[in-house]
Amino acid sequence: NPDLEEEKVVHYEVSYANMLTSNFDVKTNLFVSEYEDAIQSVYIGGLSQNQNIGDFRHKGVELELNSYFDKFSSGLNYTYIDIEDKNDSEYKKTGVPKQAFFAYAKYDIIKDLAVYANIKHELDTYLSYSNNTYDKSDFTTVNTKLMYTYKDVSFEAGVKNLLDENYYYSFGY
């Protein structure tokens, strides 16, 4: 697209982090992102082209709680993002979930060998296809892996989408 302008984003964030105890910490972030000339795929005659679709404001909050013990660590994270179309254009910003939940756990079996698992749940994400915008269904994925560290090299083997959830980030992917 020879008419494509560069996308510009200014991001403002206020964060707070605190160790609640020697085993627990809490973090929170409030943020605003100002998008100018946002770039998104637009379908023209069955083909996809990147185009500038307008100016948007993302406002949100992120909350996080983590725990740390001798052989075990875990964490919970929640993110909320509100997207405002500053030009009242015909486009909806796609690919950004309105809400996301994330949790993980890691257990050190022995020195340099650990097992890790996480679960992610996303809600209210818009997708576009052939100039139609869709509110995709919510989805949850579970991932696991075994991690081994030898000197400064890490080896990992795992399974993504362990429960075989049928989901997509965009049509065809």
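Leaving aside its neighbours within four places in sequence, with which residues is Ser89 in contact? Ser89 is in contact with Ile53 and Phe56, where contact means heavy atoms within 4.5 Å.

This is a predicted model, in which local features need pLDDT of at least 70 and side-chain atom pairs count only at pLDDT 80 or more, while totals for chains, interfaces and linings use all residues. Residues are numbered from 1 along each chain as its sequence is written, and side-chain values use heavy atoms, with hydrogens and water left out.

Ser89 lies in the loop between β4 and β5; strands here are DSSP runs (E, at least two residues), numbered from the N terminus. With a relative accessible area of 26%, Ser89 is partly exposed, a class that falls between buried (under 20%) and exposed (over 50%), computed with a 1.4 Å probe on protein chains only. The side chain of Ser89 makes a polar contact of 2.8 Å with that of Asp85. A polar contact is a pair of N or O atoms within 3.5 Å; within protein, one must be able to donate a hydrogen and the other to accept it, and residues adjacent in sequence count only if both atoms are side-chain atoms. Ala38 is 51 residues from Ser89 in sequence, and their C-alpha atoms are 12 Å apart.

**Strand pairing**

Two strands pair if DSSP finds at least two bridges between them.

| Strands | Sense | Bridges | Opposite residues |
|---|---|---|---|
| β6 and β9 | antiparallel | 10 bridges | Glu122 and Phe139 |

The hairpin of β5 and β6 has two residues between the strands, and Asp112 there takes a positive phi near 75 degrees.

**Asn143 in β9**

Asn143 lies in strand β9, which spans residues 139-150. Asn143 counts as buried because its relative accessibility is 18%. A polar atom of the Asn143 side chain lies 2.8 Å from the backbone nitrogen of Asn161. Beyond its neighbours within four places in sequence, Asn143 is in contact with Tyr116, Ala117, Asn118, Val159, Lys160 and Asn161.

Key: Helices (H or I, at least four residues) and strands (E, at least two) are DSSP runs, numbered from the N terminus.
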